[in-house]
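Hi there,

Here is the structure I promised to pass on. Have a look at it first, and then read on for my notes on what turned up.

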Amino acid sequence: MGLLLWSVFGQAHAAWTTNMAPGATEVSHAVFDLHMTIFWICVVIGIIVFGAMFWSMMVHRRSTGQVAAKFHESTTVEILWTVVPLLILVAMAIPATRTLINIYDSSESDIDIQVTGYQWKWHYKYLGQDVEFFSNLATPAEQIHNQATKGEHYLLEVDQPLVLPVGAKVRFLVTAADVIHSWWVPAFAVKRDAIPGFVNEAWTRIEKPGIYRGQCAELCGKDHGFMPIVVEVKSKATTTPGSASARKTPPSSRS
Ligand SMILES: [Cu+2]
């Protein structure tokens, strides 16, 4: 019976992951832990508040002959319900601020990548390395127009992914050439607005090799949903910027 329950709920759990993903970087783990910490604090507050409320409603209901207390202004209670939430907020703010400071500390990077949003594609430039290329949607039009079966990475695949080495501190300088876009890769906990005329910074240090996918996260026109992000993270031994998967695109093929 236990095994049956385990198999049913175990599988249900696997199919029903509703929580945030922990991601693949130190910052994304910190963001996930923060999310869980705040979540459990909210759960405890919810249980205490609703518990007290329902208990009071049940125990002090009029049908049992309860009479309402007639008092006004309790200084003790007012101080308590001001100080206790204040302390809870401060306790939440300390780890949140620590994580935020870390997120914005893009100093001492190993690699600098300029990310430029275009309607509707991304352009990547490895600063100081003379490597740059456009990354376009690779999903065939037949899939988009329901004339072919949709692939596993439908609308989340590109012709040339951004290639990064594992373990290196990568700084992104995010901007745009036309309208506001937003470069978002959930697994890195990086989401930065790409604004024409501005350069916004972000950074990441990816822990394990793999392919990470993201999307433009700022409504930028009719093909906003057709400019995905694919980052291929390779172990240091196999990565050289300028290699086959991060090759330079001749200016003539830029469009
Ligand atoms: Cu966009």
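**The charged pairs**

Aspartate 112 forms a salt bridge with arginine 171, and the closest N and O atoms of the two are 3.0 Å apart. This pair links distant parts of the chain: aspartate 112 sits in strand S1 (residues 111–118) and arginine 171 in strand S5 (residues 170–176), 59 residues apart. Arginine 171 also forms a salt bridge with glutamate 201, where the closest N and O atoms are 2.5 Å apart. Here too distant parts of the chain are linked, since glutamate 201 belongs to strand S8 (residues 200–204), 30 residues apart from arginine 171 in strand S5. Glutamate 201 is partly exposed, with a relative accessibility of 34%. Through shared partners, the salt bridges join Asp112, Arg171 and Glu201 into one network.

Elsewhere, lysine 234 pairs with glutamate 232 in a salt bridge, with 3.7 Å between the closest N and O atoms. The count of salt bridges comes to four. As background, side chains of opposite charge can pair when their charged atoms come close.

**The copper site**

Which residues hold the copper ion? The copper ion is coordinated by the ND1 atom of His181, the SG atoms of Cys216 and Cys220, and the SD atom of Met227, at 2.0 to 2.6 Å. The angles among these four donor atoms run from 92 to 129°, and the site is tetrahedral. Along the chain, the donors follow the spacing H-x34-C-x3-C-x6-M. Histidine 181 lies in strand S6 (residues 181–185) and cysteine 216 in strand S9 (residues 210–216), so this pair ties together parts that are 35 residues apart in sequence. Histidine 181 is buried, at 0% relative accessibility, and cysteine 216 is buried as well, with a relative accessible area of 6%.

**Threonine 139**

Another spot to look at is the loop between strand S3 (131–135) and helix H4 (141–144), where threonine 139 lies. Is threonine 139 buried or exposed? Threonine 139 is buried, its relative accessible area being 7%. The side chain of threonine 139 has a polar contact of 2.6 Å with the side chain of glutamate 157. A polar atom of the threonine 139 side chain also lies 3.0 Å from the backbone nitrogen of leucine 155. Beyond four places in sequence, the contacts of threonine 139 include His153, Tyr154 and Ile144.

**The chain as a whole**

The protein chain has four helices and 10 strands, in the order α-α-α-β-β-β-α-β-β-β-β-β-β-β. Of its 255 residues, 29% count as buried. Among contacts between residues at least 6 apart in sequence, 64% join residues at least 24 apart.

As for confidence, the chain averages a pLDDT of 88, and 87% of the residues score at least 70. Over residues 242–255, pLDDT stays under 50, although the model has 23 contacts there beyond four places in sequence. Where pLDDT is low, the predicted coordinates should not be read in detail.

Enjoy exploring it!

Best wishes

Definitions and conventions
Residues numbered from 1 in each chain as written. Predicted model: local features only at pLDDT ≥ 70, side-chain atom pairs only at ≥ 80, totals over all residues. Heavy atoms only, no water. Helix = DSSP H or I, 4+ residues; strand = E, 2+ residues; numbered from the N terminus. Buried < 20%, exposed > 50% of the residue type's maximum accessible area, 1.4 Å probe, protein only. Polar contact = N/O pair within 3.5 Å; in protein donor to acceptor, adjacent residues only side chain to side chain. Contact = heavy atoms within 4.5 Å. Donors = N, O, S within 2.8 Å, 3.2 Å for Na, K, Ca; no water. Tetrahedral: all angles 85-135°; square planar, octahedral: opposite > 155°, others 65-115°. Salt bridge = Lys/Arg side-chain N within 4 Å of Asp/Glu carboxyl O. pLDDT = per-residue confidence, 0-100.
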